[in-house]
Amino acid sequence: SGKMHVGYIPNGRIIGLSKLARIAEVYARRLQVQERLTREIADAIEEAVAPLGVAVVIESSHFCMVMRGVQKVSADTVTSSVRGCFKGNSKTRTEFFSILNGGPKMC
């Protein structure tokens with residue numbers, strides 16, 4: 001179980017919130033590692049709307065960590081994928097991660 005955070009800077013086209021959830025659902029159903037899942041969601045958003053930049057962060061707890069092996073109930077894994085202006089512009093990237101960490105909320 002977990003959460004996905006998405007930020008993108010439109011380049012003329014926008015995507016609905018339900019479409020973002022649908023993209024995440026399609027890729028999350030596949031058996032794969034979280035790092036690839038994060039990249040694939042960013043790829044799908046880039047392909048759908050060709051934004052100036054996209055950032056995807058996934059926070060999740062994994063069954064293998066909670067129930068088997070080390071049995072760490074509070075162990076979460078966080079992965080991120082940043083593209084375009086989120087990758088090339090540190091101010092844009094910092095603003096996105098600041099919002100995720102409880103910073104000022106933007107509309």
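How many salt bridges does a search of the whole structure find? The search finds 4. A salt bridge here puts a side-chain nitrogen of Lys or Arg within 4 Å of a carboxyl oxygen of Asp or Glu. The model is predicted: local features need pLDDT of at least 70, side-chain atom pairs count only at pLDDT 80 or more, and totals for chains, interfaces and linings use all residues. Residues are numbered from 1 along each chain as its sequence is written, and side-chain values use heavy atoms, with hydrogens and water left out.

**View 1. Asp 43, Glu 46 and Arg 83 form a network of salt bridges.** The closest N and O atoms are 2.6 Å apart for Asp 43 and Arg 83. Asp 43 lies in helix α2 and Arg 83 in strand β3, so this pair ties together parts 40 residues apart in sequence. For Arg 83 and Glu 46, the closest N and O atoms are 2.9 Å apart. Arg 83 is buried, with a relative accessible area of 16%. Asp 43 is partly exposed at 37%, and Glu 46 is partly exposed at 31%. (Buried means under 20% relative accessible area, exposed over 50%, partly exposed in between; 1.4 Å probe, protein chains only.)

**View 2. Glu 40 and Arg 30 meet in a salt bridge.** The N to O distance is 4.0 Å. Glu 40 is buried, with a relative accessible area of 19%. Arg 30 is partly exposed, at 45%.

**View 3. Three strands form an open antiparallel sheet.** The order is β1-β2-β3. Strands pair if DSSP finds at least two bridges between them. Helices (H or I, at least four residues) and strands (E, at least two) are DSSP runs, numbered from the N terminus. Strand β2 (residues 53-60) pairs with β3 over 8 bridges. The bridge partner of Glu 59 is Val 78 in β3.
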